[in-house]
Amino acid sequence: MAKPESKKIFFENLSGAGKAIAVLTSGGDAQGMNAAVRAVVRMGLYVGAKVYFIHEGYQGMVDGGENIVEASWESVSSMLQVGGTVIGSARCKEFRSHEGRLKAALNLVKQGITNLCVIGGDGSLTGANLFKEEWSGLLAELVEQGSIEADAVSKYSALHIVGMVGSIDNDFCGTDMTIGTDSALHRIIEVVDAIMTTAQSHQRTFVLEVMGRHCGYLALVSALACGADWVLIPEMPPEDGWEDKMCRKLSANRAGMKRLNIIIVAEGAIDGSNRPITTDYIKDLVVKRLGFDTRVTILGHVQRGGTPSAFDRVLASRMGVEAVLALLETTANTPACVVSLCGNQLVRLPLMECVQMTQEVQRAMDGKRFEEAVKLRGRSFENNLKTYKLLAHRKPESELPTSNFNVAVLNVGAPAAGMNAAVRSAVRVGISEGHKMFAVSDGFEGFYKGQIREVKWADVGGWTGQGGSLLGTKRTLPAKHVDKIAEQMREHKINALLIVGGFEAFLSLLELLTARGKYDEFCVPMVMVPATVSNNVPGSDLSIGADTALNAITATCDRIKQSASGTKRRVFIIETMGGYCGYLASVGGLAAGADAAYIFEEPFDIKDLQANVEHLTQKMKTGIQRGLVLRNENCNENYTTDFIYQLYSEEGRGVFDSRKNVLGHMQQGGAPSPFDRNFGTKISAKAMQWVTKKLLETFRHGRVFANTEDSCCLLGMRRRALVFQPVVDLKGETDFVHRIPKEQWWLKLRPLMKILAKYKTSYDVSDSGQLEHVVRDRPKESDASVAM
C-alpha cells in the first residue's frame, strides 16, 4: 500500500489566527490531564489562536465570569508533572438542563469561543456533543432574548468539539488507552508489590479492591502484571461454584510452596446473577474454608493520585496537539470527534459512535450477555482476559496436549525490566500447549556451556514483578560457538528457540539463520521478542524495558528540576543511555518537558547549541526558573556532556547557571513498569503460540525441519499491529554500524517537544487528519493494543 504523501505544517502557514479555543476538564480527574491541557494551550498559541481555560469544567462554563480566563504560554509551565487537573473539574447538574446550556452558550459567545476541547469521560463528551447539536438553536434563543446581536449567529454559527478521554478506568470504547489509566496501574502495582513482601513474610492472603465500577480493566491488567491468583471483574462474572474453584486454587498454590495469595477485585465485580461480590465476602470465604490469615486492602482514591507516568504524559501531549490540529481542520459539517489511540497511532473517531458502543457494553452486562460485553470492550480487553486465564490457571496434566516438543527460552543482550515477565509467559504458555520447556542461563554463553535445564510451571511463579534477568543474560553472539551450541541442541533435543533480547538477539538470529546451511540442528522455528531499554531493535516500534527506563528518566528529571525551585535560574544537562538510538532522550524529553534533546539521528552543530542557549536565555528572562536539556550518550563524539555543560555555563553566565547529571545504569534497574510487565507477557504469549503453530507445520517424518526464512522471525509492534517478520527481511531496514533501524517512528514526536518548548519548527502530519469509524472487530493481526 502506498504511503500517504507527507504534508508538513509550518509555523508560517498553519494559522489559527482569529480562532478562539477553550479547554476544560470535566468529570473525575485523571493523571495526565494537565499534560493534555498544557499541550492544547501551547499548540493553540503556537498556531496563533487565542486559548482559554474554563475552570471547574461545565460548571465554570455555565457560571462564566472569572471561570473563563485567557491562557498564556507561562500559565502552563511546571504543570506537566502534576497529577489531577489544575484548572479544576466538577460535575454540573445545571449543564444537563436547557437553561444551563443557554447560559454556557452566552458565556462562550462573549469571549468569541467556538472551538471546545473537552477532556473527560463518556458523560462529559456526550454533554459536549448535545451542546454542539443545540448550538444554532441556543444562539437563536439568545438573539430573541436580546442577549447577543443578530450578526453573532452568523459569526459564531458552528461550535466545533474535539474530545480526549481522561479516565483511569479505561472504560471508553474506541481507544486502547485513556489518559490516566497507565498512572493508575502504577499506583496499584506499587501497592501490590509492597503488599506482596509483607504477605510473604506472614503467609497471608490479601484481597485487594481496585476501582472500576462498570469496567474491570484495572483489575484485569493489574492481575496480569502481578500474577494474581484470582481476579473478579464485572464483564465476566465467575461461573457457578467459583468459590470452590478459587479455594482449590489458593490451597494448591500454598501446597506448591507459595507463601502468599493475591486476589484482585474490581469494585463493580458481580456474580452470574448480577449480585455484587465484595472483598469482605471473599475474605470470610477464605477464612472459613481454608483458615488462611486473610486481609483486605481497598485502594480507593490513591489510584487517582500521584504524578502521571511517562506513558500518560506522552499520550496526553500527543493527544493535545492532535486535538488542536483537529479543531483547525473542522468544518461546519464535521461531527464531534474524539482523539483515540489505536496500537501506537493516534486516530480521530466520531465521538458519538464511541459513546454508543460504550453504552452498549453496559446494556450487554445488564442483559447478562457477558461474552458480548467482553467483545465490545475491544480486542485489547479480550486478549488481556484470555492471556490471564492462560497464565493463571494451570490445566490438569490429563487435559494438556502431548506434543513431545522441546522449546528453549533464553535472554540475550543487556538486561531490561520486563524480561522475566516475558520468560514466565513463554514457559507457561508452552507448558499449556504440551511442550517441555527449557531455560538457558546466561544467553548463548550458557548455551554452549550446557547451562540448560527443564523448567516447570511453578518455577516461574512470582517472576512478573522482578527486574533484570533472572535467567542471566550476556551479549555473547553464537557464531564463534555455533558447533557447541548445535551439539547442545542435539543433546537436549531442542525443537524451537524463543529469544528475549535486544540488538544482540537480532544479530544472533541472523547468525543462526546462516548456520542452518551447515547444521540441521538450527532448522527449527526461531522467534525473537524485543527487550532493550534502548528501543533500537529493527521491526518493532517498542521494546520491553523501554517504558521502565522512560519512567526512571522522567522521575529523575522531575526531582532534578524540583531541586532548583526557590533558587536562582538554572539549566540541567542530563545524559541518557541508548547507544546511538535517541529514543530515551527524545521521548523522555517530551515526558519531562525538556527544552532540547540532542540525539545522533538529528545531527547538530555549534550554531544549534548556541541557538538553544539563546532560547533558554530568553525563556529565563520571562520569569521561568528552570531549563532542562537531555543528551543521548552517543549523539556526538565531540559535543560531549561535559562540553555542552561548559558551553551552557559560559554562554549563560549572568542569566542562569548550569548543572549536569549522568543517569547511567539506573535506567536499566528497578521493578518493571505495568506497561512492560504486560507488554512482555502478551507479546511473549503470542510468540509462543506462533512457535507451536510452526512446530506443527514443520513436523514431518518424525522430526522438525524448518529451513524457510519465515521460520526465523522477530515479533514486533508496527503502528497498529503485532507482526511476525522474517529477520532476513529486516536487514535492509537496519543500520548495522550504529545498531539502529534506518527509520524510527518516534522521530515524528521530536517536533512536538520543540513546539511545546516554544521553538519554531516543521511538523509532519501525514498520519493525521483522517476521521475514521469505530471498528467493532479488528482482524486478529491488528491487535497491538500498545501492549496494554
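How far does helix H4 (residues 122-145) reach from its first C-alpha to its last? This is a predicted model. In it, the 24 residues of H4 span 32 Å, close to the 34 Å expected at 1.5 Å a residue.

**Helix H4**

H4 is bent. The angle is about 55°, and the bend falls at Trp 135. Trp 135 is also buried. Other buried residues of H4 include Ser 124, Leu 125, Gly 127, Ala 128, Asn 129, Phe 131 and Lys 132. Further along, Leu 138, Leu 139 and Leu 142 are buried too. After H4 comes Gly 146, with a positive phi near 80°.

**Aromatic pairs**

The model holds 18 aromatic pairs. A pair of rings is described by the distance of the centres and the angle of the planes. Two of the pairs are set out here.

| Pair | Centre to centre | Angle between planes | Type |
|---|---|---|---|
| Phe 503 and Phe 736 | 6.3 Å | 70° | edge-to-face |
| Phe 675 and Phe 679 | 6.0 Å | 55° | tilted |

What does the pair of Phe 503 and Phe 736 tie together? Phe 503 belongs to helix H17 (residues 503-515). Phe 736 sits in the loop between strand E27 (734-735) and strand E28 (740-741). The pair therefore links parts that are 233 residues apart in sequence. Phe 503 is buried, with a relative accessible area of 1%. Phe 736 is partly exposed, at 34%.

The planes of Phe 675 and Phe 679 meet at 55°, so this pair counts as tilted. Both residues lie in helix H22 (residues 674-698). They are four residues apart, about one turn of the helix. An α-helix has 3.6 residues a turn, so residues three or four places apart point the same way. Are Phe 675 and Phe 679 buried or exposed? Both are buried.

The charged end of Arg 254 sits over the ring of Phe 292, 4.2 Å from the ring centre.

**The seven-stranded sheet**

Seven strands make an open sheet with mixed pairing. Their order is E4-E3-E2-E5-E6-E11-E12. Which strands stand at the edges? They are strand E4 (68-70) and strand E12 (345-350). Each has a single partner strand, so one side of each lacks a neighbour in the sheet. From one strand to the next, the twist averages 25°.

Tyr 52 has Glu 70 of E4 as its bridge partner.

**The four-stranded sheet**

Another open sheet has four strands, in the order E20-E21-E19-E22. Its pairing is parallel. Strand E20 (596-598) and strand E22 (657-662) stand at the edges. Each of these has a single partner strand, so one side of each is left without a neighbour in the sheet. The twist averages 20° from one strand to the next.

How many bridges pair E20 with strand E21 (residues 626-632)? There are three, in the parallel sense. Ala 596 has Val 629 of E21 as its bridge partner.

Note on methods: Residues numbered from 1 in each chain as written. Predicted model: local features only at pLDDT ≥ 70, side-chain atom pairs only at ≥ 80, totals over all residues. Heavy atoms only, no water. Phe/Tyr/Trp six-rings, centres within 6.5 Å; stacked < 30°, edge-to-face > 60°. Helix = DSSP H or I, 4+ residues; strand = E, 2+ residues; numbered from the N terminus. Buried < 20%, exposed > 50% of the residue type's maximum accessible area, 1.4 Å probe, protein only. Lys NZ or Arg CZ within 6 Å of the ring centre and 35° of its normal. Pairing = 2+ DSSP bridges. Axes fitted to C-alpha atoms, helices over the stretch in contact; angles between N-to-C directions. Expected span 1.5 Å × (residues − 1). Bend = angle between axes of the 7 residues up to and from the residue.
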